[in-house]
Amino acid sequence: MIRFSKFLASVLCLAVVLSGCSSAEEPSVQQTYASVRSMTEAVSAAVREEDWKALSGLFARSSAQKHRGKDLKALWRKQTTAEPGECLEQGVVFEEDRKGGQLLFAAGDQEVQADFRLSDSGKISSLQFFLRSSPPVIESSDAYTETEVSFGKAVSLREILTLPADAESAPVAILMPEGMKESCDGSGSDDSFRKDLAHALAQAGIASVRWNTRLEEDPYLIQDPSEYSLNRILLEDFASVVHSLEQYPVNAADIIYIGIGTGGSLGYDLVNSHFEISGGLVLLNAPYEEDGISLLSRSEGLNVSAEEVKYSIAAEPETDPMIGGYPLTYWKDWNTAGALNYTPKVSMPIAILQGEADPEVTMSADFESWKSQKGSNVSMKSYPGLGHYLRGADGSISSEVIQDLIRWHQGEDIEKEGEEDDS
């Protein structure tokens, strides 16, 4: 019986068309679809057999990634403690400037995605494992129905449309994610905030859309800093969401932007860029920062000062350095996304709501600072006892917050208490 390692070595030789299969770095080779496919099969075999040493041998010596056998095993274990199982899917990326493979492995009751890229020599330059996000859970009740749809450039993202029952052409809220890597349901550290908000809004007659972010669906982007831009990760997909609303049974002439935390602070930029959003802008516990760089540094908890990044931008380096784990181009994107760049330009109705018990986005540092941007179109209100995710004592989204959102959307003054029930 042929030993697996010898078989894998022979597959490798065929895959990368190397003339000696030596461990020394080989010169550039003419990569073909077949050679990339063969390398994908070699990676699949090595992972299935847990032959981390053989997988290490598929790497180019010039790779900056740690790729000893124990390093690759640890990379897998970082995602799951389950052993690699069957290879469920296998795909080849064969583009002009990007060649590699994408595989999906069973891992117990989970799935792990493996993405790798090839260097000019035909060997692996980088490889990552990612725990595959679970499919969105579609729910329905007497008050609402939900549908899963997809949108955006490949890889297409999954989106959930929540429609109120018995409501035709309802206004529709875009539920902006708080972070760059989130599932449809969650926001920040709350795994069900956007789902619960969608259901609460639907019961009040407002439809909504929420989606898996690109880094959740397409972790391949993480491997290439040149593609790591705010536009690619978030803004292109947001635009796709906005433009897709005309396809749905909602009132696309009455779109409301609702964002919590960082997603709220980005709202000024995004509604300014999309005239289709006319129903209003809602900021929930949104941090107040002078610029987008400070906002990103704060939201990600980075030990990088805004001054350091701004100095690097002003220096206009020939290469794109990594600062705080991000390429400089990414920081430049954020530099133009700061809310205060756009507050004078946004004249639509705006609601800024704050939980007084939020320990991170605070009344003193943030809510009071937003008052400096207050105009006749801006309503502000705070809620005693509510934290960052605006949940009441029973764990549900505060009914007072939902009622105020409805009143605000109907043009009422939410800074004043609603009319008391005479009964």
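Biologist: At 16% relative accessibility, does Ser312 count as buried or exposed?

Modeller: Ser312 counts as buried at 16% relative accessibility, the scale being buried under 20% relative accessible area, exposed over 50% and partly exposed in between, with a 1.4 Å probe and protein chains only. The model is predicted, with local features needing pLDDT of at least 70 and side-chain atom pairs counting only at pLDDT 80 or more, whereas totals for chains, interfaces and linings use all residues. Residues are numbered from 1 along each chain as its sequence is written, and side-chain values use heavy atoms, with hydrogens and water left out.

Biologist: In which helix does Ser312 lie?

Modeller: Ser312 belongs to helix α11. Helices (H or I, at least four residues) and strands (E, at least two) are DSSP runs, numbered from the N terminus. With neighbours within four places in sequence left aside, Ser312 is in contact with Pro317, Ile323 and Leu328, contact being heavy atoms within 4.5 Å.

Biologist: Which residues of α11 are buried?

Modeller: Ala306, Val309, Ser312 and Ile313 are buried in α11, which covers residues 306-315. Viewed down the helix axis, the buried residues of α11 fall within an arc of 130°, so they line one face; the arc is that of the directions from the helix axis to the C-beta atoms. The general idea is that an α-helix has 3.6 residues a turn, so residues three or four places apart point the same way. On the face of α11 turned away from the buried side are the exposed residues Glu307, Tyr311, Ala314 and Ala315.

Biologist: What covers the buried residues of α11?

Modeller: The cover includes α10 (292-300), β11 (322-323) and α12 (328-335). Within α10 is Ser299, which counts as partly exposed because its relative accessibility is 35%. The side chain of Ser299 reaches the backbone oxygen of Leu296 at 3.1 Å. The C-alpha atoms of Ser299 and Gly261 are 8.3 Å from each other, although the two residues are 38 residues apart along the chain.

Biologist: How many residues of β13 are buried?

Modeller: Six of the six residues of β13 (350-355) are buried. Both faces are covered, with Ile350, Ile352 and Gln354 on one side and Ala351, Leu353 and Gly355 on the other. β13 pairs in the parallel sense with β10 (280-284) over four bridges, and Leu283 stands opposite Ile352. Six bridges join β13 to the parallel strand β14 (378-383), where Ser379 is the bridge partner of Ala351. From β13 the chain passes through helix α13 (363-370) to β14 in a right-handed β-α-β crossover.

Biologist: Which residue has a positive phi although it is not a glycine?

Modeller: Most residues other than glycine have a negative phi, and most peptide bonds are trans. Ser169 has a positive phi of about 50°; this residue lies in the loop between β6 and β7 and is partly exposed, with a relative accessible area of 42%. Leu390 likewise has a positive phi, near 55°, and lies in the loop between β14 and α14 (399-409). At 1% relative accessibility, Leu390 counts as buried. Just after α11, Glu316 takes a positive phi of about 50°.

Biologist: How many helices and strands does the protein have?

Modeller: The protein has 14 helices and 14 strands. Of its 423 residues, 53% count as buried, and the C-alpha trace spans about 90 × 55 × 35 Å along its principal axes.

Technical notes:
Two strands pair if DSSP finds at least two bridges between them. A crossover is right-handed if, with the strands pointing away from the viewer, the path from the first strand over the helix to the second runs clockwise. A polar contact is a pair of N or O atoms within 3.5 Å; within protein, one must be able to donate a hydrogen and the other to accept it, and residues adjacent in sequence count only if both atoms are side-chain atoms.
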